[in-house]
Structure formats: C-alpha cells, structure tokens
Amino acid sequence: KLKEPFKGLFTQGMVCHETYKDERDNWLFPYEVEKNSSGTVLKKNDKTTVKVGSPEAMSKSKKNVIDPEEMIKSYGADAVRWFILSDSPPEKEILWSNNGLIAANKFLQKLYNLNDEIINRKNQRGSEKVEKELKITFNNYLNKINNLIDNFSLNVVVASIYEIYSLLTKYIKLNVSNATLREILKDVFVILIPFVPHLSHECLSQLTNEKKFIWPKVSTSLLKDQKVRMAVQINGKTRSIIEIKNDSEEKLVNDECKKIKNLTNYFNDKKIKKTIFVKNKIINYILE
C-alpha cells in the first residue's frame with residue numbers, strides 16, 4: 001500500500017482580479033482597459049466606459065487573468081513571488097495589484113543595494129554594546145521567523161524582513177564592524193532563499209565565497225539577554241512600563257518596580273492583596 005509523501009495538505013487561496021465588461025457585455029482583458037484622471041475605467045481602443053466587477057478567481061473565460069511571463073519579463077520571478085507571498089495569508093485569496101508588484105520589485109532592489117553598500121562600506125571598529133544590541137534584535141527576528149514559517153504565516157515573514165531591512169539601514173550608520181554586518185546580512189539572504197532564490201544567491205555570491213549554506217541557528221543565550229517591555233498595573237490599570245531582561249522571574253520584576261518613584265504613592269498604607277504575574281507581559285498588584 002502506497003503512502004502519501006507528506007503529513008498533510010495545506011490549501012492555498014486563489015489569486016483574484018477585477019472583471020471588466022464593455023458596453024456590449026463582452027469580457028475584457030486587464031490590458032484592454034485603462035483609468036482616466038477621474039478614476040473612471042475606459043476601454044483603451046475606443047474610450048467607452050467599462051463595467052468593473054468584483055474581484056474573482058482568475059479565469060480565462062472571464063479574461064481577468066495576468067500573463068505571468070509578461071510580469072516575469074518586466075519585474076523578474078522573484079518580485080512576483082515576493083508580492084504574492086506578501087499580499088495576504090496563504091490560506092486567503094490574493095487580490096492582484098500591479099502597484100503591489102512594483103512596490104515588491106523596488107524593495108528587492110533596496111535589498112540588493114544594501115548588500116552592495118555593506119560590501120563596499122569602509123570598515124570601522126565596532127562597539128561591543130552596539131553590536132550586541134544588533135545581534136540580540138536580529139536573533140529575536142530569526143526566532144520569530146522560524147515560528148512563522150512553521151505556522152505558514154509567510155506574509156508575516158515578509159513583514160519581518162522589511163523590519164530587518166530597516167534595522168540594518170539604521171545600524172550601518174553606527175559603530176558596527178563590517179564583519180558583523182556581513183554575517184547578519186548573509187543569514188538574511190539564507191532566510192530569503194525559499195522566498196526570492198535568484199536575488200538571494202546573487203547577493204550571497206558577492207558577499208561570501210561559501211557555496212553551501214545552512215539555515216541560521218537561533219542563539220538561546222542571546223534570547224535570554226533580550227529585553228522586553230512589561231506593563232505594571234495597579235488594580236488592573238497600567239501605571240508604568242518597565243524594560244527588563246527576557247524571562248525575568250517575579251522577584252526580579254518586583255525589585256525593579258520598587259525603584260519606580262511614581263509607583264510608591266499607590267502603595268502608601270495599603271497592603272498587596274494579590275499579585276498577578278504573567279512572564280514578559282504584565283505584573284498586576286491588587287491592593288486592599
């Protein structure tokens with residue numbers, strides 16, 4: 001008896017597009033219509049008004065299709081993949097947008113330019129404190145991305161890559177060594193191989209002489225060093241926000257709260273009836 005070569009089936013959503021009809025009720029392809037300055041959709045060849053229908057799954061019968069070869073020829077396969085992955089959760093429908101594709105293409109160009117900028121950056125002595133901040137933040141993103149991929153939340157992975165790009169463009173101006181930037185950027189492009197393989201391999205070939213790449217590992221020690229923001233509540237109302245080391249125990253959080261001057265007034269002549277502590281989230285003091 002044959003067994004399926006996978007444990008389960010994940011059904012993806014359909015790619016959708018608006019439908020168009022001319023005044024004679026004939027279906028029109030997207031390339032046959034245009035919008036004028038007032039936003040009215042017109043037929044290109046005779047400028048007659050076009051009826052725009054709700055987005056539906058692409059089908060040849062209704063002509064609401066996009067030629068993938070034309071898109072790949074104009075923007076590249078990576079940009080098409082990136083836009084489709086970024087638009088919505090994979091289980092939901094995707095509304096095709098040329099503007100979205102153009103934006104995806106521009107962002108991938110930014111990644112390529114960042115790679116070039118780091119390769120040609122003048123080296124400088126790195127600050128141990130600044131570099132550790134960068135490594136902790138990136139390690140947190142890596143841990144998050146691993147969990148997102150396991151849950152098929154690929155559009156959120158794309159959003160995280162946008163944030164990592166912003167992170168690197170910030171730290172490239174700070175006291176960070178080229179070696180640290182190149183190592184993190186290498187990990188970024190390894191993560192991107194399943195998403196944009198052509199761009200990733202091209203950038204990796206410029207960034208390193210390595211030929212084989214292993215998925216970057218999450219550092220558990222850096223996760224422990226990461227700081228989180230916790231809400232300090234009195235009788236359910238947030239009175240302060242503290243920044244504390246990740247996974248700190250209740251005693252340590254209590255000690256930090258005692259150092260906050262504006263909280264001491266709430267505790268005057270009052271006993272703590274109960275403490276509700278949720279690690280990395282909140283500490284709530286219920287007073288009598």
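Which residue of β8 stands opposite M230? The residue is I242, and that pair is a handy way into this model. A word on what you're looking at: this is a predicted model, in which local features need pLDDT of at least 70, side-chain atom pairs count only at pLDDT 80 or more, and totals for chains, interfaces and linings use all residues. Residues are numbered from 1 along each chain as its sequence is written, and side-chain values use heavy atoms, with hydrogens and water left out.

Let's stay with β7 (227–234) and β8 (237–245). Strands here are DSSP runs of E with at least two residues, helices are runs of H or I with at least four, and both are numbered from the N terminus. Strands pair if DSSP finds at least two bridges between them. β7 and β8 run antiparallel and are joined by eight bridges. Two residues sit between the strands of this hairpin, and N235 takes a positive phi near 50° there. Q233 shows both pairings: its bridge partner in β8 is T238, and its partner in β10 is N284.

How enclosed is β7? Six of its eight residues are buried, so the strand is largely enclosed by the rest of the structure. Buried means under 20% relative accessible area, exposed means over 50%, and partly exposed is in between, using a 1.4 Å probe and protein chains only. V232 is part of this strand, and at 0% relative accessibility V232 counts as buried. Contact means heavy atoms within 4.5 Å. Not counting residues up to four places away in sequence, V232 touches K237, T238, R239, S240, I242, C257, L263, I283 and Y285. V232 and N284 are 52 residues apart in sequence, yet their C-alpha atoms are 6.0 Å apart in space.

The largest nonpolar core has 47 residues, and W82, L168 and L192 have the most contacts inside it. A nonpolar core is a set of buried Ala, Val, Leu, Ile, Met, Phe, Trp, Tyr and Cys residues joined through side-chain atoms within 4.5 Å. At least two residues each come from α2 (77–87), α3, α4, α5 (154–171), α6 (178–192) and α7 (197–207). α5 gives the most to this core, with nine residues.

Leaving aside its neighbours within four places in sequence, W82 is in contact with A104, F107, L108, V158, I161, Y162, L192, F195 and V196. In its helix, α2, the residues D78, A79, V80, W82, F83 and L85 are buried. The buried residues of α2 pack against α1 (68–75), β6 (94–95), α3, α5, α6 and α7.

Loops can hold buried residues too. S177 lies between α5 and α6, and at 15% relative accessibility S177 counts as buried. Leaving out residues up to four places away in sequence, S177 touches R121, N123, Q124, G126 and E131.

Finally, the pockets. On a 1 Å grid over the protein atoms alone, a pocket is an open set of points where a 1.4 Å probe fits, with protein on both sides within 12 Å along at least five of seven lines; lining residues have an atom within 4 Å of a point. Grid points are joined across faces, edges and corners, and a volume is the space filled by probe spheres set on the points. The largest pocket has a volume of about 590 Å³. Of its 20 lining residues, H17, Y20, P30, I66 and N98 lie nearest its centre. β1 (15–21), β3 (33–35) and α3 (98–119) are the elements that give two or more residues to this lining. By class, the lining has twelve nonpolar, four polar and four charged residues.

The second largest pocket holds about 310 Å³ of space. α4 gives the most to its lining, with five residues. In this lining, two residues are nonpolar, two polar and eight charged; among the lining residues are K129, K132, E133, D225 and R229.

Conventions: Nonpolar A, V, L, I, M, F, W, Y, C, P; charged D, E, K, R; others polar.
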